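I wanted to look up a few side-chain pairs, then the space inside the fold, then a couple of single spots.

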Amino acid sequence: MSEGKPPIPVGETPREGDGARAEPDGRFDRRLIPPMIIGSVLNPINSTIIAVALVPIGAAFGAPPSETAWLVSALYLATAIGQPVVGRLIDLFGPRRLFLIGTALVGAAGIIGMLAPGLGVLIGARVLLGFGTCAGYPAAMSLLRREADRTGNDSPGGVLTLLAVANQTIAVIGPALGGLLIGVGGWRATFALNIPLAVAALVLGVLRLPKTPYTPPTGRGGAAARLDLPGIGLFAVMLVTLLLFLMNPGVTSLYLLAMSVLAALVFARRELRVDEPFIDLRVLGGNAPLLATYGRSLVAYVVSYAFLYGFTQWAEEGRGLSASEAGLVQLPMFALAIVVSTLTGRRKGVRGKLVVGAAGQIIACVLLLLLHASSPLWTLFAVALVFGVPQGLNNLALQNSLYRQADPERLAASAGLLRTSAYMGSMVASAASARAFGQHAGTSGMHELAWVMIAAAVLYLLSTVADRSLCSLAV
């Protein structure tokens, strides 16, 4: 470091004449990796743990699967809305502030969930948890871009792979850990887990994330104008009404679909006219490859989450396994996913990964149709193992696609929208599961859900094969 010159904050791009506090060889600052990882895994660990807790929670409150499905949908609805909002805030004000606020909300949600007296309060805790976990992934992507700018090394395949493997590892631990926690302390222990995780994230965030100087916005409206609060509100109305329709589709619910379409039209009209839109539709509309990535993410996660929640509920109710046994059945999928992500993470190109991932989903969904209430336990493990291949390929390939296709100035917001598309897929999966199972997660309902999954997987494959822009992507 040059003497007499102040250090550059970690994650900031060095300016000409400034010294840099980076490593001598300009590598990614590894001190950022722990908070990046723990922040990004807060959402997936809650996703996987709740999968084995749905049946015990339903038994505790006398609620059928159609009602406990809201524990899944509530979190993903909050996160679907919150991810691009927090991503936009990170683009404007830096990742540190939003990361710390989000992790504090995760801890509060853990306390509320642990003490919840009824299903309604528990759903509220999941909403708060959804908003709290919004900052982790956009903050990680923002830090990744800032480090690439600082070091001049725009080949983040290794760090992206590390994030993907960390998420897969947490997914491995989630169901088994959830079953263990339920066996020791009941389903409330799955919410209490968020308290130490939030404390650890807060400590790491305070110690290691770079401080971004705050510059008050100038001009009419100040910070509120830059945030586009009306646009955020319209976006939220659009998603909420769409989810309510998906949870109970029918003629009597068509007004909700109409409200969602109307909100979407008003939202689009506004975003095309304001100077600083919440989502820049002019830029997004001209980026067809990125839009296609969002669409692929949605249908891919319809399959992924339908398996995670639907298959797990069937394993407990239709096949008669305990919560811990149902969690263990998921282990082959996530274990193989880690291996696949690790082996393919540094290989350039994403199209081949997406094609193989889509084909793997189709094969695995067809195998679900062969299962029944008396199927040997090894067949459940075999199906989960097959699902591990697409699980390991899809998340990494979609993440790499986004990094190359998104506008660098809006990378955090774009990353939030990628998660939003995934959560939209999870909401479709949750609605499909609730409709297929009704009052009981039986084999016939699981087979009905499998056909929905097959349709989504075929759409995923066709959209990938038809997209020639993927051939030029390499990370």
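I started with arginine 88, which is buried at a relative accessible area of 6%; for me buried means under 20%, exposed over 50% and partly exposed in between, with a 1.4 Å probe and protein chains only. This is a predicted model, where local features need pLDDT of at least 70 and side-chain atom pairs count only at pLDDT 80 or more, while totals for chains, interfaces and linings use all residues. Residues are numbered from 1 along each chain as its sequence is written, and side-chain values use heavy atoms, with hydrogens and water left out.

**Salt bridges.** I counted three salt bridges, taking one as a side-chain nitrogen of Lys or Arg within 4 Å of a carboxyl oxygen of Asp or Glu. Arginine 88 pairs with glutamate 276, with 3.0 Å between the closest N and O atoms. Arginine 88 is in helix H2 (residues 65-93) and glutamate 276 in the loop between helix H11 (254-271) and helix H12 (281-285), so this pair ties together parts 188 residues apart in sequence. Helices here are DSSP runs (H or I, at least four residues), numbered from the N terminus. Glutamate 276 is partly exposed at 31%.

Next I looked up aspartate 228 and arginine 270, whose side chains meet in a salt bridge at 2.7 Å, N to O. Aspartate 228 sits in the loop between helix H9 (222-227) and helix H10 (229-247) and arginine 270 in helix H11, so they link parts 42 residues apart in sequence. Aspartate 228 is buried at 1%, whereas arginine 270 is partly exposed at 29%.

My last pair was aspartate 467 with arginine 296, at 2.9 Å, N to O. Aspartate 467 is in the segment after helix H19 (443-465) and arginine 296 in helix H13, so the pair joins parts 171 residues apart in sequence. Both ends are buried: aspartate 467 at 11% and arginine 296 at 2%.

**Inside the fold.** How much space lies in the largest cavity? I got about 490 Å³. A cavity is a set of points on a 1 Å grid over the protein atoms alone where a 1.4 Å probe fits but cannot get out, and lining residues have an atom within 4 Å of a point. Of the 30 lining residues, Tyr301, Ser304, Tyr305, Gln391 and Asn395 are closest to the centre. H17 gives the largest share of that lining, seven residues.

**One single spot.** I finished on serine 433, in helix H18 (residues 411-437) and buried at 4%.

Definitions and conventions: Helices (H or I, at least four residues) and strands (E, at least two) are DSSP runs, numbered from the N terminus. On a 1 Å grid over the protein atoms alone, a cavity is a set of points where a 1.4 Å probe fits but cannot get out, and a pocket is an open set with protein on both sides within 12 Å along at least five of seven lines; lining residues have an atom within 4 Å of a point. Grid points are joined across faces, edges and corners, and a volume is the space filled by probe spheres set on the points.
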